[in-house]
Amino acid sequence: MGLATKLERLGDRAKRLVAGSSLGGKNHYCPMCDKHSARFLDFGVPPRSEVMCPHCSSLERHRLLWLFLKERTDIFTRTGGKMLHVAPEECLRDHFAKQFAGDYLTADFLVSNVDVKMDIQDIQFPDETFDVIYCSHVLEHVDDDRKAMREFRRVLKKDGWAILLVPISAEKTYEDPSITDPEERLKHFGQSDHVRRYGPDYVDRLRVADFVVTETRPSDLTDVAFAEKARLSEGNTIYFCTRGD
């Protein structure tokens, strides 16, 4: 289930009431919306304590991504280019749409409020279409993630780059295609619509798909004090992928 869907289920009125009690104060800082808060909101099942910005609804991985994009890429200074954003998060969507203007494409297989319905195992675009691809917390839902990775590489331009994020929740990637019952998937994979748990060996899958991968963690971008104030998690990693050809 995507972040937007989860937020919708909270109910707009409930969100406003909870967020309103958190807006004053400067205990936490969100680099995405450049705003301080007395506290961040709990989020997830089971809930992670104080991880969601009450102003823009960003989570730990979004704020880490934002720092990475500003410090390690030219995404906010470049002119031109075409971007593919899979399962677009609302906290990022407007920023990317503004930067890429008419060349920003949103895609999803399930929801309707996107530009195209897309199965990332069979992307309906020609080779070398996109300069930038961003896909976060989707591959763990996909039956053939290796095929999806190859598809991302195929539609990425030779001088382009992709950021492909997944949750890392195991010591080694674990999957079993015979497990199809939602309750069993919840038990084995942590969520009823997940088909695997990724471990740190996720990066090896990306490299087998012929990506050149750079891994970046919060400690590579900022100090401990800022990471705590922005509620960044050292468990989150940016996987920056290029074609290398």
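Trainee: How many salt bridges does the structure hold?

Mentor: There are 17 salt bridges, each being a side-chain nitrogen of Lys or Arg within 4 Å of a carboxyl oxygen of Asp or Glu. Keep in mind that this is a predicted model, where local features need pLDDT of at least 70 and side-chain atom pairs count only at pLDDT 80 or more, while totals for chains, interfaces and linings use all residues. Residues are numbered from 1 along each chain as its sequence is written, and side-chain values use heavy atoms, with hydrogens and water left out.

Trainee: Which side chain meets Asp127 in a salt bridge?

Mentor: That of Arg154, at 2.8 Å from N to O. Asp127 sits in the loop between β7 and β8 and Arg154 in helix α5 (residues 145–155), so the pair ties together parts that are 27 residues apart in sequence. Helices (H or I, at least four residues) and strands (E, at least two) are DSSP runs, numbered from the N terminus. Arg154 also forms a salt bridge with Glu151, with the closest N and O atoms 2.8 Å apart. Those two are three residues apart in α5, so about one helical turn separates them.

Trainee: Are Arg196 and Asp145 buried or exposed?

Mentor: Both are buried. The term means under 20% relative accessible area, with exposed being over 50% and partly exposed in between (1.4 Å probe, protein chains only). Arg196 and Asp145 form a salt bridge too, their closest N and O atoms being 3.6 Å apart. Arg196 belongs to strand β11 (residues 196–197) and Asp145 to helix α5, so this pair ties together parts that are 51 residues apart in sequence.

Trainee: Now the strands, please. Which residues of β6 are buried on each side?

Mentor: First, the general idea: in a regular strand the side chains alternate between the two faces of the sheet. In β6, Tyr104, Thr106 and Asp108 are buried on one side, and Leu105 and Ala107 on the other.

Trainee: Which residues of helix α4 are buried?

Mentor: In α4 (residues 90–100), they are Cys91, Leu92, Arg93, Phe96 and Phe100. After α4 comes Ala101, whose phi is positive, near 50 degrees.
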